[in-house]
Amino acid sequence: MASRRRMLLKVIILGDSGVGKTSLMNQYVNRKFSNQYKATIGADFLTKEIQFEDRLFTLQIWDTAGQERFQSLGVAFYRGADCCVLVHDVNVMKSFESLSNWREEFLIQASPSDPENFPFVVLGNKIDVDGGNSRVVSEKKAKAWCASKGNIPYFETSAKEGFNVEAAFECIAKNALKNEPEEEMYIPDTIDVARERQQKSSGCEC
Amino acid sequence: MTSNASSSSFSDEDEESAGQKPKTGSIDYSPDAIENQLPSIALNTSIDEEKVSVADDHHEPVTEIARGSSREIEPERLISSTGESNLSTETGVWRNSSKVEVDGATSSPCSSGYAGEMGTSSGTASTSGADDIQELRNNSSSVGNDGEVLHSAQWVPGKRHVDEDDTCMSWRERKKHFFVLSHSGKPIFSRYGNEHKLAGFSATLQAIISFVKDGGDRIHLIRAGKHQVVFLVKGPIYLVCISCTEEPYESLRGQLELLYGQMVLILTESVSRYFEKNPKFDMTPLLGGTDAVFSSLFHAFSWNPASFLHAYTCLPLPCATRQAAAAILQDVSDSGVIYSMLMCKYKVVSLVGAQKAPLHPDDMLLLANFVMTSESFSPICLPRYNAMAFLHAYVHYFDDDTYLVLLTSNSDAFFHLKDCRIQIENVLVKSNVLSDIQRSLLEGGMRVENLPLYPSTRYGSLFHNEPSDRSQESLQPGIGGPDGLWHFIYRSMNLDQYVSSKFSSPITTHQHQKRLYRAYQKLYASMHDKETGPHKTQFKRDGNYVLLCWVTTDFELYAAFDPLADKGSAIRICNRVCQWVKDVENEIFLLGGGSTFAW
Ligand SMILES: Nc1nc2c(ncn2[C@@H]2O[C@H](COP(=O)(O)OP(=O)(O)O)[C@@H](O)[C@H]2O)c(=O)[nH]1
Ligand SMILES: [Mg+2]
């Protein structure tokens with residue numbers, strides 16, 4: 001009954017500026033790609049409805065800017081995230097090396113209840129560039145890093161060609177869902193008039 | 001890129017805006033005229049100093065108060081004019097900071113782009129909300145009847161326009177939006193449209209609130225052309241109103257407070273604890289099935305003065321009838337009932353409490369919105385009584401309008417309370433209370449045409465009126481009361497109650513009534529403005545009315561007259577209204593005294 005209801009999943013995309021976060025999101029949500037680079041300053045939000053095992057979900061995707069500036073959103077930005085996507089550009093080593101920082105940053109800011117098992121997904125983007133000849137981060141290297149961080153799922157993508165984007169986000173949604181905590185019973189207090197009266201009367205006898 | 005609140009056309013929007021139409025008509029700047037006459041109004045109160053303030057309609061004080069400082073955020077507009085541009089680049093609040101931007105998403109169908117694909121904001125301004133048009137149509141038949149009774153009947157409970165989202169033109173054109181979201185930016189409630197489809201929009205609101213919050217500040221208001229965006233942060237719950245109704249900021253903020261109160265009534269405030277434990281906590285399922293409660297509240301914002309007066313009103317009844325009702329409620333309240341209320345729609349017939357603390361009028365409004373079914377027993381929370389805990393409410397409707405509410409702390413009390421109800425019902429039927437209530441609904445109440453001539457030596461009553469009791473001055477019946485009096489609201493300060501005259505010609509249509517309430521609401525806000533007020537009196541003339549407001553420590557009187565009414569006679573009439581209220585107070589108010597209720 002309660003599990004039949006539609007759920008909203010908050011997904012955060014992190015990574016250095018220019019790795020293709022906004023492009024991946026646009027490719028996934030709108031099936032569009034633009035070569036024009038327009039830096040995201042701050043945050044951008046897209047939503048997408050997905051169906052999974054006969055249930056409807058809404059993905060609320062929070063795109064961020066890689067610049068330090070975006071940190072102005074602070075904790076509020078990360079709060080209540082259901083999944084975190086870490087993106088690097090396979091043609092830029094620096095962007096891969098930054099992944100650790102982004103992961104740390106997320107865990108500190110979002111402070112999820114179970115950091116060990118918080119769902120991350122790593123995307124190695126822009127595999128189309130130069131037919132793969134300018135590539136500096138090998139699949140092996142990326143997978144090794146993912147394995148060392150608790151078997152984070154890894155996808156090689158091209159936002160430009162739409163390669164593997166759908167599959168990656170499907171995995172993101174699944175992982176976000178897995179992380180859903182047990183439904184807690186909602187039980188607020190009931191006013192206990194008798195007790196309140198007692199307390200009052202004992203307090204007033206002075 | 002100019003947008004100016006006053007530059008828009010009123011076209012078909014006059015229902016909403018004409019009541020506050022600035023600069024039309026004249027403002028009476030001769031304070032001494034009032035000053036000299038007012039002391040004479042004080043028939044039953046003693047006021048010695050009277051300061052008259054003349055309403056300045058041009059200035060609407062909307063200030064944002066943050067950490068003691070006061071500043072106004074006035075970006076050019078919230079809604080941009082092209083698909084390429086967006087909220088962030090054009091609003092001052094962002095431009096100043098230039099750190100946060102909501103970018104890119106403008107051309108996508110699923111995007112949050114409140115800004116994207118929008119026409120111009122004047123497009124929004126010149127088209128009136130479809131729902132209001134609907135209301136007009138529904139109410140065109142109400143002429144000559146008591147409007148307030150009709151509204152409730154015509155109001156369709158439940159959420160409307162559920163399929164809309166922020167990409168729909170119709171959604172953007174709605175005059176007043178309410179949103180509730182969590183501190184992680186997940187939507188909880190939206191007045192119009194589908195919460196899930198509005199997830200991106202909700203995230204945008206969260207970004208705005210959090211950005212300001214992270215700067216150690218608080219956002220209260222964004223003005224964007226005709227639109228006001230009002231924010232209210234209640235711990236992990238964020239409430240936002242986006243409105244182009246020209247209601248004062250204070251009123252909109254008060255409505256957000258009530259909206260929060262309505263949620264607390266349903267869930268208690270301990271819902272915050274769940275957010276603290278788990279920021280992902282989703283409270284939407286807990287609100288399941290309550291759409292009608294919220295739509296009833298939004299409806300009340302436009303027609304129930306209790307929503308801005310923070311006072312309740314009683315059904316006018318002969319003294320003996322109310323006493324009979326109180327007596328039987330008193331009987332059951334000795335058996336573990338905290339509050340017993342006999343209500344007729346949103347009006348109180350009788351109210352008895354076992355405890356010293358009186359029920360707060362806001363709690364009564366929220367409770368009246370909540371009860372709807374023929375018989376029920378459900379946990380509810382009275383935010384002003386104890387926001388953290390539930391009480392249990394037994395509700396039973398005796399007929400379409402009249403219902404009993406018994407509040408207890410005992411969750412097993414259903415059968416006991418049902419027995420109490422049967423007992424109460426027997427007495428109410430036997431002593432004709434229920435039929436008296438129906439009669440009052442039909443013909444009771446204060447009508448401006450019946451305003452008595454004073455000095456009158458006779459003790460007045462609203463009931464058993466002989467023709468001779470009627471005012472000789474009610475010249476032609478059908479054009480209001482004497483000297484152009486159209487309507488009044490009298491609020492007693494120490495009783496927390498108000499009485500409103502029945503609507504009569506020419507305030508007969510729903511849009512007239514709504515406009516008048518909006519005018520009162522605005523008057524109320526300006527009278528209680530912390531910076532320039534509180535004021536004692538205000539006399540205001542515009543194209544629609546002469547409005548006279550008088551505030552003392554004992555009461556507040558709001559009166560509406562024909563726009564051509566003479567000031568001197570208006571003041572004289574206000575005198576008489578106060579005297580009349582005093583004369584019939586036994587029938588229109590729930591008076592303290594006796595052991596029944598400690599006010
Ligand atoms: N060839 C290629 N270019 C891409 C790909 N993804 C993004 N880009 C380009 O890389 C630049 C930066 O992309 P953007 O999505 O704005 O990066 P962000 O800063 O991480 O949001 C843009 O010029 C994109 O067109 C990709 O998969 N392949
Ligand atoms: Mg970007």
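Student: Which residues come nearest to ligand 1?

Tutor: Bear in mind that this is a predicted model. In it, 20 residues lie around ligand 1, and those that come nearest are A:K21, A:T22, A:S23, A:D128 and A:A159.

Student: Which helix gives the largest share of that shell?

Tutor: That is helix α1 of chain A, spanning residues 21–30, which contributes three residues to the shell around ligand 1.

Student: And how many of the shell residues are nonpolar, polar or charged?

Tutor: Sorted by class, the shell around ligand 1 holds ten polar residues, together with five nonpolar and five charged ones.

Student: What about the backbone, say at A:G20: how far is a backbone N or O atom from an oxygen atom of the ligand?

Tutor: For A:G20 the distance from a backbone N or O atom to an oxygen atom of ligand 1 is 3.0 Å. A:V19 also has a backbone N or O atom placed 3.4 Å from an oxygen atom of the ligand, and a polar backbone atom of A:K160 is 3.2 Å from an oxygen atom of ligand 1.

Student: How much of the ligand's accessible area does the protein cover?

Tutor: On its own, ligand 1 has 580 Å² of accessible area, and the protein covers 91% of that.

Student: Let's step back to chain A. How many helices and strands does it have?

Tutor: Chain A has seven helices and seven strands, and from the N terminus on they follow the order β-α-β-β-α-β-α-α-β-α-β-α-β-α. Of the 206 residues in this chain, 51% are buried.

Student: Changing topic, how many aromatic pairs are there over all chains?

Tutor: The structure holds 33 of them over all chains. One is formed by B:Y339 and B:Y385, whose ring centres are 5.7 Å apart and whose planes meet at 75°, so this pair is edge-to-face.

Student: Why does that pair tie together parts that are apart in sequence?

Tutor: Because B:Y339 sits in strand β11 (residues 339–344) of chain B while B:Y385 belongs to helix α16 (residues 383–386) of chain B, the pair links parts that are 46 residues apart in sequence.

Student: Is B:Y339 buried or exposed?

Tutor: B:Y339 counts as buried, since its relative accessibility is 0%. Another edge-to-face pair joins B:F414 and B:F415, with 5.0 Å from centre to centre and 80° between the planes; there, B:F414 is partly exposed at a relative accessible area of 22%, and B:F415 is exposed at 61%.

Student: Which residues form an aromatic cluster in chain A?

Tutor: One aromatic cluster is made up of A:F45, A:W62, A:F77, A:Y78, A:F106, A:F118 and A:F120.

Methods: Residues are numbered from 1 along each chain as its sequence is written. Chains are lettered from A and ligands numbered from 1 in the order in which they are written. This is a predicted model: local features need pLDDT of at least 70, side-chain atom pairs count only at pLDDT 80 or more; totals for chains, interfaces and linings use all residues. Side-chain values use heavy atoms; hydrogens and water are left out. Helices (H or I, at least four residues) and strands (E, at least two) are DSSP runs, numbered from the N terminus. Buried means under 20% relative accessible area, exposed over 50%, partly exposed in between (1.4 Å probe, protein chains only). A residue is near a molecule or strand if one of its heavy atoms lies within 4 Å of it. A polar contact is a pair of N or O atoms within 3.5 Å; within protein, one must be able to donate a hydrogen and the other to accept it, and residues adjacent in sequence count only if both atoms are side-chain atoms. Accessible areas come from the Shrake-Rupley method with a 1.4 Å probe; for residues, only the protein chains shown count as cover. Ala, Val, Leu, Ile, Met, Phe, Trp, Tyr, Cys and Pro count as nonpolar, Asp, Glu, Lys and Arg as charged, and the others, Gly among them, as polar. Rings of Phe, Tyr and Trp (its six-membered ring) pair if their centres lie within 6.5 Å; planes under 30 degrees apart count as stacked, over 60 as edge-to-face and the rest as tilted.
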